[in-house]
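Thanks for making time this morning. Have a look at the sequence and the model, and then I'll walk you through them.

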Amino acid sequence: SLPLGGCSQTMMEESALQVDGLNFAYGTKMALNEVSFKIDKGDCTLLLGPNGAGKSTLFSLITRLYDAPTGMIRLNGFDVRKQTSRALSSLGVVFQQTTLDLDLSVLQNLRYHAALHGMGRKLTSQRIQEELERQGMFERQNEKVRKLNGGHRRRVEIARALLHKPAVLLLDEPTVGLDVPSRQAIVQHVHNLCSESGLAVLWATHLIDEVDGSDQIIVLHKGNVKATGSVGEVVHSAGVKTIDDAFQVLTQGQ
Ligand code: ADP
């Protein structure tokens, strides 16, 4: 917790991810409306919203797939429009659709990514070993990705997204299509990453059962931020007793 009153070093630190006054429309269709929030180091933040809420659009703006003409996005303090390469080197992403090359081995996929980030050979080998071991996937490094099941492919994608030690990890519906044990393993693993390494995570989902009591929550509905805060704060602000009920109440109507 922060000391009151004083201007400590902690208070001066940049948020890992800061989004301010973001708007985006597809033609005349508004997809994001004055979206603002911030995520601090070590926060595991769930971006909760039903289909069509604007989650993927937000991710496309943070990753610079789309340009956000209004509003501001800062990664580790760097503006994604004005300081794009420094901002994006602070970011790891796991997209909804797999972007692994199925005909390459796990190791080849990871090495390719490290090369794109300009990482040297020695550092690359060390980081690949660390991240694969953390996921229990090191023994499978020489297998072709095609041979892995969906849960294991996801683990490889998370390992890859973390190779260059980003400050922020974006996960877009990372458990879609996985069986229950694989889903639980990924949820657990990502929570461990936040608490152990101080990584800031933004995890988009429409699945309320992926919420952990310690998570920060952003509820997005029809392009509007309906609530932000801890699980307890969001439940309280919705005037209900559970996060399921809060989600129902906050995502009804306009
Ligand atoms: P989510 O990821 O939460 O399901 P999206 O960001 O995909 O939401 O969509 C937000 C809104 O923008 C929806 O109303 C959707 O229909 C619309 N939308 C998304 N992509 C496009 C597109 N390429 N062209 C037009 N409308 C789009």
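How many helices and strands does the secondary structure of the protein come to? Nine helices and 10 strands. One caution before anything else: this is a predicted model.

Start with the overall form. The protein has 254 residues, and a compact globule of that length would have a radius of gyration near 18 Å. The protein has 18 Å, which agrees. Along the principal axes, the C-alpha trace spans about 50 × 45 × 40 Å. Of the 254 residues, 48% count as buried.

Two separations give a sense of scale. Take Val 201 and Lys 122. They sit 79 residues apart in sequence, and their C-alpha atoms are 27 Å apart in space. Val 201 lies in strand E8, residues 200-205. Its relative accessibility is 0%, so Val 201 counts as buried. Lys 122 is in helix H5, residues 121-134. Lys 122 has a relative accessible area of 75%, so this residue is exposed. Now go from Lys 122 to Leu 163. That is 41 residues along the chain, with 13 Å between the C-alpha atoms.

Next, the aromatics. A pair of aromatic rings is described by the distance of the centres and the angle of the planes. How many aromatic pairs does a search of the whole structure find? Three. I'll take two of them.

The rings of Phe 24 and Tyr 66 have their centres 5.3 Å apart. Their planes are at 5 degrees, so this pair is stacked. Where do the partners lie? Phe 24 is in strand E1, residues 17-26. Tyr 66 is in the loop between helix H2, 55-62, and strand E4, 70-75. So the pair ties together parts that are 42 residues apart in sequence. Phe 24 counts as buried, because its relative accessibility is 13%. Tyr 66 is at 33%, so Tyr 66 counts as partly exposed.

Tyr 66 also pairs with Tyr 26. This pair is edge-to-face, at 6.0 Å centre to centre and with 85 degrees between the planes. Tyr 26 lies in strand E1, and Tyr 66 in the loop between H2 and E4, so parts 40 residues apart in sequence are tied together. Tyr 26 counts as partly exposed, because its relative accessibility is 39%.

Arg 64 has a positive phi of about 70 degrees, although it is not a glycine. Its relative accessible area is 29%, so Arg 64 is partly exposed.

Glu 173 is another non-glycine with a positive phi, about 45 degrees. Glu 173 lies in the loop between strand E7, 168-172, and helix H7, 180-197. Buried or exposed? Glu 173 counts as buried, because its relative accessibility is 5%.

On to the largest pocket. About 480 Å³ of space lies in it. The lining has 20 residues, and the closest to the pocket centre are Val 93, Phe 95, His 113, Leu 116 and His 117. Which elements each supply at least two residues of the lining? Strand E6, 91-94, helix H4, 106-116, and helix H6, 150-162. H4 gives the largest share, five residues. By class, the lining has 10 nonpolar, eight polar and two charged residues.

Last, the cysteines. Cys 44 counts as buried, because its relative accessibility is 6%. Cys 194 has a relative accessible area of 4%, so Cys 194 is buried as well.

Key. Residues numbered from 1 in each chain as written. Predicted model: local features only at pLDDT ≥ 70, side-chain atom pairs only at ≥ 80, totals over all residues. Heavy atoms only, no water. Phe/Tyr/Trp six-rings, centres within 6.5 Å; stacked < 30°, edge-to-face > 60°. Helix = DSSP H or I, 4+ residues; strand = E, 2+ residues; numbered from the N terminus. Buried < 20%, exposed > 50% of the residue type's maximum accessible area, 1.4 Å probe, protein only. 1 Å grid on protein atoms, 1.4 Å probe; cavity = no way out; pocket = protein on both sides within 12 Å on 5 of 7 lines; lining within 4 Å. Points joined across faces, edges and corners; volume = space filled by probe spheres on them. Nonpolar A, V, L, I, M, F, W, Y, C, P; charged D, E, K, R; others polar. Rg over C-alpha atoms; globule rule 2.2 N^0.38 Å.
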